[in-house]
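Dear colleague,

I am handing over the structure we spoke about, and I would be grateful if you could look through it alongside the notes that follow.

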Amino acid sequence: MPALATLPGAASVQALACRAGERHMVGDWVADEVPVALQYNGVSHAVMLATPLDLEDFALGFSLSEGLVDRAADVHDIEPEETCNGIVLNIEIASRCLSRLQERKRTLAGRTGCGLCGIESLAQALPRIERQVAPLALDLHALSRALREMRTLQALQSATGATHAAAWCSPDGEVRLVREDVGRHNALDKLVGALARARQDAPRGFFAVTSRASYEMVQKTVRAGVGVLAAISAPTALAVRSAEEAGLCLIGFARGSDWVAYSGTDRLILEHTAP
């Protein structure tokens, strides 16, 4: 554990620990979790509980993965504002996107791992995934390499044990970008936003996440145009059906050299390359 000075996204605390029957005071890190409000052109849209790191990535990624904007250029400005109650992300978007947003306006009272609070209708809850993603050539050892590398890049998880990570990886498993958050959806949104801000071609790689694969994780991956989503835990039935519909290769239980492909295997080109 690093010295208890500063660690972005975490707070240092003193705690009473009992180990091997012995009690003593210890210094520890705990992950930050604060209310983050997303406000579009002055109109409140959502309040999420999130780790206050990479918030501009979060604002852009959320806007893209929720379908509130069509492309990164539709977001004209992002201004974080700290208040006594949390952080407000003031997001300026194109007027045509604002009109669409107002039509589907909702208030999302966020809880960690919850993404449907405040939805006003069943149609809003499960919008049809229209997009088809492109196939991706993936080496047989790429997943294990990606997960191995991702573990070494999770600074917050290493210090606190309380955060999820989402990584963008090359087809041979090199981790190119990682984002962390207490919420799995937030971590993926941050990754999508970071890729867009860096003008990276997201479909040229695949996503790996340290969580289960829910419908929303599939939806966000498809909207990013990425052809493979690998999760360390299980998918849901709805996630599998949605992935099949979009041509997404959905992989669960990706641990070490093991994995289970639930959909899109015909679009996943598995190639073994000699080391």
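Two strands are taken as paired here if DSSP finds at least two bridges between them. Please keep in mind that this is a predicted model. Valine 75 has isoleucine 93, in E6, as its bridge partner.

Next to the salt bridges, of which the count comes to 14. Glutamate 56 and arginine 197 form one of them, with their closest N and O atoms 3.1 Å apart; this pair links distant parts of the chain, since glutamate 56 belongs to helix H1 (residues 55–65) and arginine 197 to helix H6 (residues 184–197), 141 residues apart. Glutamate 56 counts as partly exposed because its relative accessibility is 29%, and arginine 197, at 46%, counts as partly exposed as well. Both residues belong to a network of salt bridges that links Asp54, Glu56, Asp57, Arg179 and Arg197.

A salt bridge also forms between lysine 220 and glutamate 66, where the closest N and O atoms are 3.0 Å apart. Lysine 220 lies in helix H7 (residues 215–223), while glutamate 66 lies in the loop between H1 and E5, so the pair ties together parts that are 154 residues apart in sequence. Lysine 220 and glutamate 66 are both buried.

In a further salt bridge, the side chains of aspartate 74 and arginine 96 meet at 2.7 Å, N to O. Aspartate 74 sits in the loop between H1 and E5 and arginine 96 in helix H2 (residues 95–103), so that the two are 22 residues apart. Aspartate 74 counts as buried because its relative accessibility is 3%, whereas arginine 96, at 38%, counts as partly exposed.

Glutamate 245, for its part, is found in helix H8 (residues 237–246) and counts as partly exposed at 33% relative accessibility. The C-alpha atoms of glutamate 245 and glutamine 132 are separated by 7.9 Å, although the two residues are 113 residues apart along the chain.

Technical notes: Residues numbered from 1 in each chain as written. Predicted model: local features only at pLDDT ≥ 70, side-chain atom pairs only at ≥ 80, totals over all residues. Heavy atoms only, no water. Helix = DSSP H or I, 4+ residues; strand = E, 2+ residues; numbered from the N terminus. Buried < 20%, exposed > 50% of the residue type's maximum accessible area, 1.4 Å probe, protein only. Salt bridge = Lys/Arg side-chain N within 4 Å of Asp/Glu carboxyl O.
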